[in-house]
Structure formats: C-alpha cells, structure tokens
Amino acid sequence: MFICKKCGDNLRENMRYKNDSRYCQRCGKERSDFLASRRDTLTSLRSMPLEAKIIQTKYLIREAITTFGENYCYISYSGGKDSTVLSHITKQIYPNILHIFANTTNEYPETLRHIKWEIQENNTNIITVFPIDSKGKMWNFKRVVEYYGFPMFSKRVSNAIRTYQHAQTQRTKQNSIDYINRNFKKYKDFIELPISDKCCDKLKKEPLRRKAKQLGMKCVILGTLASESYQREKAWLEYGCNVFNTFKDNQCKPLSFWTDTDINEYIQKYDVKISDLYNKGYTRNGCMYCGFGVQLEPPERNRYKKLKKTHPLQYDYFLTNFGDLMCQFNISI
C-alpha cells in the first residue's frame, strides 16, 4: 500500500503512476498533462521578441510592487549580467528601488568593482551585506568548506551526499543511498568525501534574508532564468514567475522566460554597462571557487584553469587551500 502525494488516498502498489511513483495513476496523469501544458507555455514565452518580453517583465515587476509596495520590495543583486539587466529595466519604473548585494567573500574582483561603479556613478540604491553568523563571526568560503563541505558537481548531487552523510538512522542512510543510486549513480564513489550544498545558504541566502527581514521587506525580485538549471525550470513549471503567499519568501522572477541570447541582445541594444569580468571570457560571475558543473567542462580549460590565467593570486589561494580536495574529486586544476 502507498499514499498518493496529491489526493492522499491509501492505494495498492499496482495503482502507482509508472512515471512518478509518488502519485496514483489518476493524479499522476493529471500532473503529467499539467506539466506538458506548462512546458508548451514556457516554449511560447521564450519565442517572443525581445520588446514583448520587456513589456511582460515590467508587468510582472509592477504586479509585485502593487501587491507589496515599493518600500517593501528589493532586488537581489549579484552584479552579474542577468541581475544588471533586471536592475536596468526595474529602475526605468522605480528608479530608487532597493538592491541588496551579498558579498560572499568569494567574489571576483571585477564584480566588486562593478558594484562600486553602480553605487558611485550609476546612482543605484545598493546595500551590501556580509555573511555574519549569530555570534557575530564572519563566514567565508574556507570556513564553510571546513565545516560543511565543498560545493561540488551540482546542488542536487551535493544535497544528496550531505543528506546521506548526516542521516540519523540506518534506514535514512539506506534511503539516501537508494536515492543516489537511482539518480546520481556515477557520483556514488564520492559519498564519503567532504561535499555539501550549504555554501550558498551560509554565504548568500541567509545574509540576504536576514537583512530583508530587518528592513521589513516582503518580496524579493530575482534576475534568474528558468533555463539556468533543472531546479529553476522545474520551479517555473510548477509556480510561474510571481510566487506570492505560497512559501515563506514571496518571489518575483520576471526574467524567468528570457534566454541568454535575450540578455545579451538587451545589453547590446540598450548599451548596458556590465562587469569587466565578461571581457575576460567568463559567461557567469558567480562565486570564484564554486564547483557546481565543473566536471562537465573540458578538463584542459575548465573554470579553474581559466582562473589560473586571469586571476593568478586568487588561483594560488585556491590551490593552497583546496588543491588536495580537487584531486579527490578528480577535477583538473
């Protein structure tokens, strides 16, 4: 017997939906049809011309501001291309809207210079927050890695390994192993190594949420694209761009249906100043040492090899502190 996740009915095992065993056949089919329809919608939105996307994005931003008030919404600003385009569009409607930048202590120097330019020369209303724990001690990347583990392979893989390592019972540990075998079998050899997905929580998400709560903020506006990851596309299929009064945090994600091509076209068309990091061959400005996805890059020119050429001082620090770990992860540096 099993209980269907949606209807809650207690049903026989042979009533499970074959493509998703969490649901009964009826609920599973309904969910499958719903997701198929949502994928069609996302495909349609992505095919719109840039100007139509800008109009839709402004509508979504206005909806958030109308719902919560301009003084209670903020942009989570990373200094990257996506959030810079989001800022550029939003400031056309709300010039003084608050931006909060989380300095993770793992930022590229070019990102920090771009933040400084935004504040001093582009009149962007930015507050910078740092990862301070409840006792007033600073978190940094090295401390997070030593305490929790290194962010490696992907957020889902790292989360699965952390769950396995911190299982409180033998049954939970076995369930974790079964989950890894089903979904990430090729990473099973790494399950005893210091790997975790907690880095982003400690260095970015928690400081942002703490500051937002302190300021009485009610909604965050994010410059994320659904195409960036499996998790983000899945979230869009389930909930769409504006997710209000559903989870603990209200979120407006008005660029979700944009693509990287749209972002680049907007930057060129409207002459948007972006971080100099992109002039050095980088396509993302995320944390310097993050390992999510590095195993998918060509070993001879992965992000760490690129770091060695573009930022030798930062590379030397990385090599000294995390070089041994990279060898254990079979990552070329």
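The exercises below, each with a worked solution, concern strand order, helix packing and aromatic pairing in a predicted model.

Residues are numbered from 1 along each chain as its sequence is written, and side-chain values use heavy atoms, with hydrogens and water left out. Because the model is predicted, local features need pLDDT of at least 70 and side-chain atom pairs count only at pLDDT 80 or more, whereas totals for chains, interfaces and linings use all residues.

**Exercise 1.** Determine the strand order of the open sheet of six strands, and identify its edge strands.

Solution. Helices (H or I, at least four residues) and strands (E, at least two) are taken as DSSP runs, numbered from the N terminus, and two strands pair if DSSP finds at least two bridges between them. Applied to this sheet, the order is β7-β6-β5-β9-β11-β10, with mixed pairing. The edge strands are β7 (126–129) and β10 (242–243), each of which pairs on one side only. Within the sheet, β9 (residues 219–221) and β11 (residues 250–252) run parallel and are joined by three bridges, and Ile221 stands opposite Cys252 in β11.

**Exercise 2.** Classify the packing of α6 against α7 by angle and handedness.

Solution. The axes (lines fitted to C-alpha atoms, for helices over the stretch in contact, with angles from 0 to 180 degrees between N-to-C directions) of α6 (residues 155–165) and α7 (residues 170–183) come within 8 Å and cross at roughly 155°. Angles under 35 degrees count as roughly parallel, over 145 as roughly antiparallel, 65 to 115 as roughly perpendicular and the rest as oblique; α6 and α7 are therefore roughly antiparallel to each other. Their crossing is left-handed, meaning that the near helix is turned anticlockwise from the far one by less than a right angle. In contact (heavy atoms within 4.5 Å), Arg156, Ala160, Ile161, Thr163 and Tyr164 in α6 meet residues of α7 including Lys173, Ile177 and Ile180.

**Exercise 3.** Classify the packing of α3 against α10 in the same terms.

Solution. Helix α3 (residues 81–93) and helix α10 (residues 260–269) pack at an angle of about 55°, with their axes 10 Å apart, and they are therefore oblique to each other. The crossing of α3 and α10 is left-handed.

**Exercise 4.** Describe the ring pair of Tyr304 and Phe318.

Solution. The structure holds 23 aromatic pairs, where rings of Phe, Tyr and Trp (its six-membered ring) pair if their centres lie within 6.5 Å, and planes under 30 degrees apart count as stacked, over 60 as edge-to-face and the rest as tilted. The ring centres of Tyr304 and Phe318 are 4.4 Å apart and their planes lie at 20°, so the pair is stacked. Tyr304 lies in α11 (residues 303–310) and Phe318 in α12 (residues 312–328), so the pair ties together parts that are 14 residues apart in sequence.
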